[in-house]
Amino acid sequence: MKAVIAGVLVLFLGFWMVQAPNSLAQFAQDGGAWLWDLTATIFSASIDFLSALFG
């Protein structure tokens with residue numbers, strides 16, 4: 001089942017890359033920025049929480 005889902009995902013991304021590479025690149029860039037912001041927020045919140053707990 002996992003192989004089927006992975007295969008469909010690869011086919012979808014390949015089709016998207018051939019049909020509209022600019023929109024795929026923009027989506028990847030926006031997703032990367034969102035992931036980076038989320039990671040920074042989580043680390044900042046963790047540092048603030050631990051500082052309040054032990055500081």
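Reader: What makes M17 exposed?
Author: M17 has a relative accessible area of 52%. Exposed means over 50%, buried under 20%, and partly exposed in between, with a 1.4 Å probe and protein chains only. So M17 is exposed, at 52%. M17 lies in helix α1. This is a predicted model, where local features need pLDDT of at least 70, side-chain atom pairs count only at pLDDT 80 or more, and totals for chains, interfaces and linings use all residues. Residues are numbered from 1 along each chain as its sequence is written, and side-chain values use heavy atoms, without hydrogens and water.

Reader: Why is L9 called partly exposed?
Author: L9 has a relative accessible area of 49%. L9 is in helix α1.

Reader: What makes helix α1 lie largely in the open?
Author: Of its 18 residues, the number buried is 0, so α1 lies largely in the open.

Reader: How do you know that the span of α1 agrees with a helix?
Author: Helix α1 covers residues 2–19. The expected span of a helix is 1.5 Å times one less than its number of residues. For 18 residues that should be 26 Å, and the end C-alpha atoms are 26 Å apart, so the two agree. Helices are DSSP runs of H or I with at least four residues, strands are runs of E with at least two, and both are numbered from the N terminus.

Reader: How many helices and strands does the chain have?
Author: The chain has 2 helices and 0 strands.

Reader: Why is the chain called more spread out than a compact globule?
Author: Its radius of gyration is 18 Å. This radius is taken over C-alpha atoms, and the globule rule is 2.2 Å times the number of residues to the power 0.38. For 55 residues the rule gives 10 Å, and 18 Å is well over that, so the chain is more spread out than a compact globule. The C-alpha atoms fill a box of roughly 55 × 30 × 5 Å along the principal axes. Of the 55 residues, 2% count as buried.

Reader: Why does L38 count as partly exposed?
Author: L38 has 35% relative accessibility, so L38 counts as partly exposed. L38 sits in helix α2, residues 21–54. The C-alpha atoms of M17 and L38 are separated by 26 Å, with the two residues 21 apart along the chain.

Reader: What is the end-to-end distance of residues 35–54?
Author: The end C-alpha atoms lie 28 Å apart, and the span is 100% helix and 0% strand.
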